[in-house]
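This briefing sets out the computed features of one protein chain, grouped by topic. Please consult the sequence and the model alongside the points below.

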Amino acid sequence: MIDNAESSTPVRAIIADDHPLVLLAIENLMVGYPNMQIVGRAADATELFKEVDRIPCDLVLMDLYMPGGLYGDGLETVRQLKLRYPDVPLVVLTMETEAAALKKVIALGADGLISKRDRIDLIHVAVVTVLAHECYLGPAVRSMIADATVMQRLDFVRQMLSRRELEVFTLYASGLGVTEIATRVGRSVKTISAQKCTAMRKLALHSDSELFRFAVEHGVISEDGLRNRR
């Protein structure tokens, strides 16, 4: 499971969550891991730092937002922990859904980041991963970050194209031909063709294959939509 699994020395973990029942559940879960010992518990950031200062540890697992304490929001707690204890792997649990905040946690140096919407057994996967000196992101976290990235790309397309150009671009990427689009929207084939070409020029696309790939990558259509087109 871990680097020192073959030795008799257990991994010393400190856990922190402001909800007592959650903290107890995490402890009960983690003490069942091979070669794992919970050496400290905390209900806010201040208690967490006291515990880390008090006893050497090999792992910290903490809730991101714990009210109270002297270290401000959870992001500041992560920053201070990684600044003061850069060699101690840190796993963060959170209910945060904003991609920007999740990216900030990663940028501040958290070694593992799991949504509380993820399966609880993935905590074990995160622990194993960070103790192997690798970064772990839970599936819900990865999904939220990916969805936000696609939305940012889609916003870019909306800014670049007029409403009618975007309509034509979307319909064409979805599998309709120029003539079909013209019939559907009540404009001439010539107008539809011109709007498609203008959209491609604005987006620096030079072929239909580039158009279809761009449409998927920027959230204009889904991958299923592209497969259905084929």
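**Briefing on the predicted model**

Met160 is partly exposed, with a relative accessible area of 32%; buried means under 20% relative accessible area, exposed over 50%, and partly exposed in between (1.4 Å probe, protein chains only). The model is predicted: local features need pLDDT of at least 70, side-chain atom pairs count only at pLDDT 80 or more, and totals for chains, interfaces and linings use all residues. Residues are numbered from 1 along each chain as its sequence is written, and side-chain values use heavy atoms, with hydrogens and water left out.

**Met160 and helix H6**

- Met160 lies in helix H6; helices (H or I, at least four residues) and strands (E, at least two) are DSSP runs, numbered from the N terminus.
- Apart from neighbours within four places in sequence, Met160 is in contact with Lys202 and Leu203, where contact means heavy atoms within 4.5 Å.
- Between the C-alpha atoms of Met160 and Ala199 the distance is 8.2 Å, and the two residues are 39 residues apart in sequence.
- Helix H6 covers residues 139-160, which is 22 residues, and its first and last C-alpha atoms are 32 Å apart, close to the expected 32 Å at 1.5 Å a residue; the expected span is 1.5 Å times one less than the number of residues.
- In H6 the buried residues are Ala140, Val141, Met144, Ile145, Ala148, Leu154 and Val157.
- These buried residues of H6 pack against helices H4 (99-107), H7 (163-173) and H10 (208-217), as well as strands S5 (112-115) and S6 (136-137).
- An α-helix has 3.6 residues a turn, so residues three or four places apart point the same way.

**Helix H3**

- Helix H3 (residues 74-84) has as its buried residues Gly74, Leu75, Thr77, Val78, Gln80, Leu81 and Lys82.
- The partners against which the buried residues of H3 pack are helix H2 (45-54), strand S3 (59-63), strand S4 (90-94) and H4.

**Residues with positive phi**

- Asn35 is not a glycine, yet has a positive phi of about 60 degrees.
- The loop between helix H1 (20-30) and strand S2 (36-42) contains Asn35, which is partly exposed at a relative accessible area of 23%.
- Asn35 and Leu108 are 73 residues apart along the chain, and their C-alpha atoms are separated by 28 Å.
- His133, also a residue other than glycine, has a positive phi near 65 degrees.
- His133 is found in the loop between helix H5 (122-131) and S6, and is exposed, with a relative accessible area of 67%.

**Overall architecture**

- The protein contains 11 helices and six strands.
- Its radius of gyration is 25 Å, well over the 17 Å that the globule rule gives for 230 residues, so the protein is more spread out than a compact globule; the radius is taken over C-alpha atoms, and the rule is 2.2 Å times the number of residues to the power 0.38.
- The C-alpha trace spans about 75 × 40 × 30 Å along its principal axes.
- Of the 230 residues in the protein, 46% are buried.
- Among contacts with a separation of 6 or more, 61% are between residues 24 or more positions apart.
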